[in-house]
Amino acid sequence: MATEIPASCPPFYILVNETWMPFDRIDRDTSAVATTRPRSSITSLDGHRYEQRARMARRSWGWSLGWEDPTSVAILRAAIDSPTDVWLASSEALAGNMLANADCFGNIGNAVTDCGGIPLPEHTAGAVITARVRGGEATTMSCWVNSTSMALSITYPGGTTSLTPASASGQHSVTFTPSADGDIEVTMDAAGVTGLMLTEGTPSTQWVGGEAMPCKVVVDDLDDTLLGIYSGAYRHDYSVQIREVD
Amino acid sequence: MIPDQTPSSYLLPDIKISAPGIDWLSDAAVSSWSIDRQLVGSTIPGNVRSANGVSVGAADVSIVNTGVGGTAIPWNASAELRVETGDQLALYVEDASGDTLPLSTWIINPVAGALSTRGVDIDLLEAQYAGRGMAQALEASGATGDDPVDPCWIVGRLAAQAGFDPVPPPVANLILAAPLHGSLDVFQLGDTPMTLVIREVEAWSILDGDVAVGPTSPSRIGGFISDVDLRPMDVMRDGGSVFITLNVTGEVFSYSQGQGWVLQIVNDPSTSTHTLTVSNALFNPTATPVTFTPGESADWPTRVQVEIQRDWNGTTYTETRARIRSSPDATWSSWVSDTTDPTTSPYWVPANDSFLLSGGTIAGTGIGSLTAGQYAALQVTTAAEEDLWEPSMAHLKPLGGSVVIPWVPADLDVWAGIRDCCSAWLGAAIVGTDGILRMLDRDDLAGVGTTGEATDIGVEWTDLPWELDPKDSVDRVAVTFAAASIHEWNGVTPGAEAWRAPDVISVPGGAEVTIPVTLDRRAMVDMATYFLIPGGGNGGSVIDVYGNPEGTGNRIPAAQYSVEARQTSATTAEIYYENRSGQTQYLVTDADLTTGGGEPSLILNADVVADYATKQVIERGLPASESQRPLEVDLTPWVQRAQDATTIADYLYHRLASSGLWKVEGVRVRLDWTHDLGKVLRLVHSATGLEAKALVTRVHYEGDPGQIAQILDLVLLPWTFWDFNAAWNALDPAATFADFNTAQGTTRTFRDMAADNNWTGA
């Protein structure tokens, strides 16, 4: 079933000057995400096609804001020239799965586990993944196992914890609260864990793909169309490009 | 294992840089890169469809500057972050599972960037070129025509100087070291070196991928130490141990004929026999052998180390004992010992000491009956040093020839020497992406011995661009070589002339000068340090010296100067002259001589000098007057025997005179990380009926975001008799061509068979 998001959640959060700010001024139907994954293909003499792909794709968002005044975009302006890194997170990603998609499961060749209806290969023992978490938020790490000997160790800002499954199959989870924004490190102590999900809140019972958020972004200068003065305030249509960076 | 591109959608591995200690490259992310490696020959031009020589590599890489602070610039205030050239970095491939594949080590050459971008472009040279321009010094082999060397020895000695040692180099406390890669040369330390008296080798073979003596029996090397310096025995009489470390398979004896001891090593994987035994007297070792675990060293699967001790009571040896192990960390086996009275041996001559090593039987004693031994990388030492197990950086291969007196022209640097030697013998020395130098001989480069990796070009290649150029084939081959003309000291006049100063040399009062001597077209085998006085002279270190450049007046007495010479390589020496007076001295002959007066008087003589002035030519194909596409090669000084030159001429003519051979350049193929120089492919294409063997002579990678392109150059290989035999074998697995030949009997010729349509094979 789809993740449940409280109606009061803003669609996006932006970390500007080390403070998470909600942002909900985006017009309906106007947050478009484009991904760019470098790739190439060659074709052999007989017509066999071989495609090569880079291992990662980076996203960019285009937001349109209509009929707004400058106070609505003040937080974006603060982000454009922010002296510190700017991070972006969507409520859907925070409720769905914050990990990078490729980190949620292992390599081909390992056994495959049914994660709430989605078959995924297991991680090998000793695999380590990292992700970004928000400080002060109750964060849940969940996974699917097929024996009680599987376990995860998690190091997060402010502490460590581990996930030891109580039963030999199904989905299991552990909750922790980081003391500050930062990276967590998850180590698979034994082989067989898969279907990882990192959420702020109760995870879905079917594996949901990772959205790799919070992610570091840059915010481009705003495009601005002045619509005129209405009821004593200037109204603009704005559009902004936000790009994921490393 | 980094996978090749087989799945249709191939997640590219990362290209990474390893540059420890270079802060401006820490965490550098590669954005685009290219690597180009090709086989470059010299003696035989590479464009005539026969590849040889050395591998040459160049690369460049563009990085995103993520170093500390992201400010890698040449003027950075912090020295660690300042961009510099000349450092070394290694490139490697790493895929998602953490597997890596090396892509060679490189030297940073020009680096370029701009303040407006975060990209930095680095040009790279293959790291072995740190040795380019390095003067080479090929030791005089000591051969006087009795111990010719295989040319791979020359490559091995030059490669060792460039840092690619085929065997562990001699350690500090050695008594004797014999690398045995193509030559019977030994290294010794000490004032009274061993005199080698026995050197018998019938074959060079390959052991562990390196050259070794044997296994044809007998093969013996050894030396005789005079009673002045009974070095191994001295150590043992004082209660010390002598260590013998060598690579060995089969049965090998180490023994001292006069002192009576015998040590027998059996390292035979075919019968799983791995034993050591000793005898205190020179007869069949009767002590119960001790067994050992072989192959415990990952670098040297056939290397063993034996420790020997002998007890001396003042008159005789009461016991010989030894133990063995196969790696520096392995536990020693238990001791095996024998207390037989050595005076019972008919060969007991206690005043003499000798160290002899024999693979197989001990001549004259009837000892030895198992598999003849194969051995290499021998060192006899007084301590068990860790360096005795240094891994090999060069895998040599006999090039199948015989060099009577080896030398390398003094003006060639190390890599030019390796290139020219390999090229002349139609072989190749390729430094792989793992940094190990591997030699291929002419059979490898002709595709003999392998059917090649099956390659359906319809599946693997994007295209087949072919070119047929008449200039690439020849109708005449002329191979020039020079046999060594050996001039030996006849015992009367002082030596054979090796070098003569071109001008009168003047030395200011009180000065010490070093005069470099470079021989052109000559090799010194054994340098005697004396000089010639024209008109006879009285031997010894005497030279003509006058106080004026014309040679008039009184000769300057010997007490007022000193002169000595030192041989530094087969073709170079140094003469040290010290003027002990206050006046300038001139090295000029007596002006009153009827002939040769007033001439430069500095002449260096040697006991044996070889020159290569007399050239011979082996021809194949059309005579010079009718030939339109001749190939003339000069193999001096590398090839010195007529039979070797004939073999090379035949090989070249067969390959280059074949018509219809096209070449392939610049073909983009499906990414396969195992493609490398010297690889043989078997190309097939069912749609066009192609079936051919080809040799990879160039591998080029171009990497960009989302793409790694691999582009090859290949040389087509003419079919050889080996291919015919392999094809025959494939048709009828029970028969070889020898069987077919036998079935024809002695009366039936090929012409008969060709005319007989009804032949049934009976």
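This is a predicted model: local features need pLDDT of at least 70, side-chain atom pairs count only at pLDDT 80 or more; totals for chains, interfaces and linings use all residues.

1. On the chain B side, four elements each supply at least two of the residues that touch chain A: β1 (9-11), α5 (457-460), β41 (663-669) and β44 (707-717). The largest share comes from α5(B), with 4 residues. Sorted by class, this side of chain B has 13 nonpolar, 9 polar and 7 charged residues.

2. Across the interface of chain B and chain A, the rule finds 1 salt bridge. A:R55 and B:D14 form a salt bridge, and their closest N and O atoms are 3.3 Å apart.

3. Now for the extent of the contact. Chain B contributes 29 residues and chain A contributes 18 residues. The size of an interface is often given as the accessible area lost when the parts come together. For chain B and chain A, the buried area is about 1900 Å², and carbon and sulfur atoms give 50% of that.

4. Finally, chain B itself. Its fold has 9 helices and 44 strands, and 52% of its 762 residues are buried. Of the contacts in chain B between residues at least 6 apart in sequence, 71% join residues at least 24 apart. The accessible surface of chain B is about 31500 Å², with 50% belonging to carbon and sulfur atoms.

Note on methods: Residues are numbered from 1 along each chain as its sequence is written. Chains are lettered from A and ligands numbered from 1 in the order in which they are written. Side-chain values use heavy atoms; hydrogens and water are left out. Buried means under 20% relative accessible area, exposed over 50%, partly exposed in between (1.4 Å probe, protein chains only). Contact means heavy atoms within 4.5 Å. Accessible areas come from the Shrake-Rupley method with a 1.4 Å probe; for residues, only the protein chains shown count as cover. Buried area is the accessible area (1.4 Å probe) that two parts lose on being put together, summed over both. A salt bridge is a side-chain nitrogen of Lys or Arg within 4 Å of a carboxyl oxygen of Asp or Glu. Ala, Val, Leu, Ile, Met, Phe, Trp, Tyr, Cys and Pro count as nonpolar, Asp, Glu, Lys and Arg as charged, and the others, Gly among them, as polar.
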